[in-house]
Amino acid sequence: MDSFSSSPSSGSNSQFQSEHLKNQLKAQLAQAYIEQFMETISTKCFDKCITKPGSSMSGSESSCISRCVDRYIEATGIITSTLFSSPH
């Protein structure tokens, strides 16, 4: 019997392996998404808010960074919910 044949016992094992692979892929995609999201926020908010890079941030730069991150997260949430709630 070759490795592509399925018997009743190997079928459930194969299904388990398939689910495991799907879960691993989902976890890897989520990690990549988070990394890209953080990189985007960092770059966009830094470029917008830090006018004079130095050893510390001013109060206005800190406030700007905070507002920028909040708005970016809010906008991403709105876009995500809209994409997943619309009928296809």
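Visitor: Why is Phe 37 called buried?

Guide: Phe 37 has a relative accessible area of 16%, and buried means under 20%, exposed over 50% and partly exposed in between, with a 1.4 Å probe and protein chains only; Phe 37 is therefore buried. The model is predicted, so local features need pLDDT of at least 70 and side-chain atom pairs count only at pLDDT 80 or more, while totals for chains, interfaces and linings use all residues. Residues are numbered from 1 along each chain as its sequence is written, and side-chain values use heavy atoms, leaving out hydrogens and water.

Visitor: What makes the pair of Phe 37 and Tyr 72 tilted?

Guide: Rings of Phe, Tyr and Trp (its six-membered ring) pair if their centres lie within 6.5 Å; planes under 30 degrees apart are stacked, over 60 edge-to-face and the rest tilted. The centres of Phe 37 and Tyr 72 are 5.4 Å apart and the planes stand at 45°, so this pair is tilted.

Visitor: Which helices hold Phe 37 and Tyr 72?

Guide: Phe 37 belongs to helix α1 and Tyr 72 to helix α2 (residues 59-85), so the pair ties together parts 35 residues apart in sequence. Helices are DSSP runs (H or I, at least four residues), numbered from the N terminus.

Visitor: Why is Tyr 72 called partly exposed?

Guide: Its relative accessibility is 26%, so Tyr 72 counts as partly exposed.

Visitor: Which residues form the aromatic cluster?

Guide: Tyr 33, Phe 37 and Tyr 72 form one aromatic cluster.

Notes. Helices (H or I, at least four residues) and strands (E, at least two) are DSSP runs, numbered from the N terminus.
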